[in-house]
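Please study the sequence and the three-dimensional structure shown below. Then work through the exercises, comparing each step of the solutions with the display.

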Amino acid sequence: MQGRIFTSSPMASWAFWSIPLHAILLISLSAAAATTPLQNETDRLALLALKAEITDDPLQALSSWNDSLHFWEWRGVTCGRTNQRVSALNLTSLSLEGPLSPHIANLSFLTAINASKNRFHGRVPYELGHLFRLQQLDLSFNSCQGEIPAAISNCSKLLVVDISSNSLVGKIPSELGSLSHLTRLSLYINGLSGNIPPSLGNLSSLNRLSLRRNMLDGSIPDDLGRISKLGFLQIAENNLSGTVPSSIYNLSDIFMFSVAANQLQGTLPWNLGLAFPNLKLFYVSRNRFTGSIPVSLTNASLLQEVYFPNNDFTGGVPMDLGNLQFLRILDVEGNRIGTGKAEDLRFVDSLTNCSNLQEFGFPKNHFAGPFPKSIANLSTQLYRLAIGENQLSGIIPEGIENLVKLSTLYMNNNLLMGEIPAAFGKLWNLKELDLSGNKFSGKIPPSIGNLTELLELHLQENNLEGSIPSSLGNCRKLNLLNISQNNLSGAIPKELMGISSVNLAQLSSQFVDRVLTIRRGWLENSSRNRCFGEQINR
């Protein structure tokens with residue numbers, strides 16, 4: 001009896017076996033061809049509904065979305081191989097404008113939506129909550145409004161939710177805490193308010209949380225310390241207050257920690273560098289932190305950027321930061337660091353081992369003593385050096401010209417004296433030079449005229465004398481020159497008057513009235529420049 005098929009009718013059985021095999025295959029294929037379009041019609045109509053809501057498509061990105069092609073050939077559409085249903089939409093960076101149609105929820109096999117970097121506006125459809133297979137939702141860099149729909153918490157397979165850089169308002173739904181597979185939650189640069197939901201602590205798979213630049217308030221939930229895989233924590237630029245919960249410092253995978261620009265207070269733990277062994281980026285600026293900078297930071301050997309500005313830190317800067325071979329940025333501006341003793345500046349010596357250092361600043365603190373000679377031996381990659389508003393004394397040491405990539409140099413409001421080194425003229429990449437508020441004497445070195453990239457030059461409130469060097473006329477990009485409150489004499493060089501962008505209203509006290517008159521004349525009638533030049537040089 002092998003090979004026989006039993007039916008309810010012998011005649012039907014005979015009829016079946018009388019049909020050739022190739023005919024059976026043709027019948028099967030024809031049936032599949034007839035039913036497939038019916039199965040996919042829902043997807044096609046949903047895509048057309050999505051296109052219908054687009055009010056502007058300047059790149060004609062959706063021009064292929066028409067009946068001349070099957071929808072699996074439409075731009076940005078990916079379909080599954082077996083069921084031929086839409087599995088992914090990639091519409092990123094197409095300059096599309098309009099609301100995001102709720103009909104997108106009819107694409108029931110969707111696993112990924114990437115509509116970032118467009119001009120979508122209106123609400124985020126709550127209908128997205130019907131997409132039970134959805135794993136990735138990226139609507140970043142659009143103009144979506146309204147609240148985050150709590151319904152997206154129904155998409156239990158979600159791995160990524162990125163709705164950053166939109167215009168969302170309201171609270172972060174506590175229901176998001178049920179997305180147990182979520183690895184990334186990015187809601188930065190919106191208008192979200194209220195507290196950070198403690199339920200986010202349930203996101204055991206989360207490794208990236210970014211809530212920067214919203215209007216969140218209240219304290220940082222202690223529950224966030226339960227997200228053991230968290231490596232990227234960015235909650236800066238909100239209105240958060242209180243202290244950083246101690247549980248946060250147990251997250252040993254943290255490599256990016258940013259709580260800057262809030263109203264946080266308290267001290268940093270002494271073992272910070274040991275608690276965060278993978279730390280690379282550390283931002284706590286613009287808060288109310290007190291206490292000292294933890295010496296253990298030197299144990300975080302992967303550190304690249306460290307920002308402490310505008311807090312109330314005291315004590316000193318750790319002396320062994322030179323162990324941080326990857327350090328690019330160190331900024332402790334605007335604190336009360338330093339005791340006024342010369343040894344406070346010994347930490348600068350160790351930084352000469354940081355060959356990748358690009359930005360270094362300790363302005364607006366309590367450092368005093370002689371200008372550290374080791375500054376001239378810092379990394380040749382350094383492009384920003386800011387040490388103003390302290391009590392540094394002495395002369396600028398030789399070798400400062402070694403910092404060939406310097407773009408910004410602030411030494412203002414110290415007690416520096418002696419002549420301005422002619423070697424500054426070798427810092428050809430300088431755009432901003434501020435030596436104001438010191439005790440520099442002698443002449444302005446003509447070599448300053450070699451700084452052809454210079455945009456701002458501040459030499460006011462010193463004891464400079466002699467004339468203004470005509471070589472400054474070579475600084476054609478100069479738009480701000482302040483040499484007031486010195487002992488300069490002589491004429492304003494005509495070469496300097498040839499720079500139409502320069503602000504000449506702050507030269508020196510004995511020049512002010514004449515310069516203002518000249519400046520008005522320059523603006524009113526540029527044909528009179530020569531006359532003014534002749535007047536100046538009498």
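The following exercises concern a predicted model.

**Exercise 1.** State how many helices and strands the protein has, and what share of its residues counts as buried.

*Solution.* Begin with the secondary structure: the protein contains 7 helices and 34 strands. Next, consider burial: 51% of the 538 residues count as buried.

**Exercise 2.** Describe the largest nonpolar core and the surroundings of Phe308.

*Solution.* The largest nonpolar core consists of 137 residues. Among the residues with the most contacts inside this core are Phe282 and Phe308. Elements giving two or more residues to the core include α2 (21-52), β1 (77-79) and β2 (86-90). The greatest contribution comes from α2, with 3 residues. Now examine Phe308: leaving aside residues up to four places away in sequence, its contacts include Leu268, Phe282, Val284 and Phe313. Another core, of 8 residues, lies apart from the largest one and includes Phe232 and Met256.

**Exercise 3.** Locate Leu107 and determine whether Leu107 is buried or exposed.

*Solution.* First, find the position: Leu107 belongs to the loop between β3 (97-99) and β4 (112-114). Second, apply the cut-off: a residue is buried under 20% relative accessible area. Leu107 has 0% relative accessibility and therefore counts as buried. Third, list neighbours: beyond residues up to four places away in sequence, Leu107 touches Asp43, Ala46, Leu47, Val86, Leu89 and Leu131. Lastly, compare sequence with space: Leu107 and Arg44 are 63 residues apart along the chain, while their C-alpha atoms are separated by 8.9 Å.

How values were computed. Residues numbered from 1 in each chain as written. Predicted model: local features only at pLDDT ≥ 70, side-chain atom pairs only at ≥ 80, totals over all residues. Heavy atoms only, no water. Helix = DSSP H or I, 4+ residues; strand = E, 2+ residues; numbered from the N terminus. Buried < 20%, exposed > 50% of the residue type's maximum accessible area, 1.4 Å probe, protein only. Core = buried A, V, L, I, M, F, W, Y, C linked by side-chain atoms within 4.5 Å. Contact = heavy atoms within 4.5 Å.
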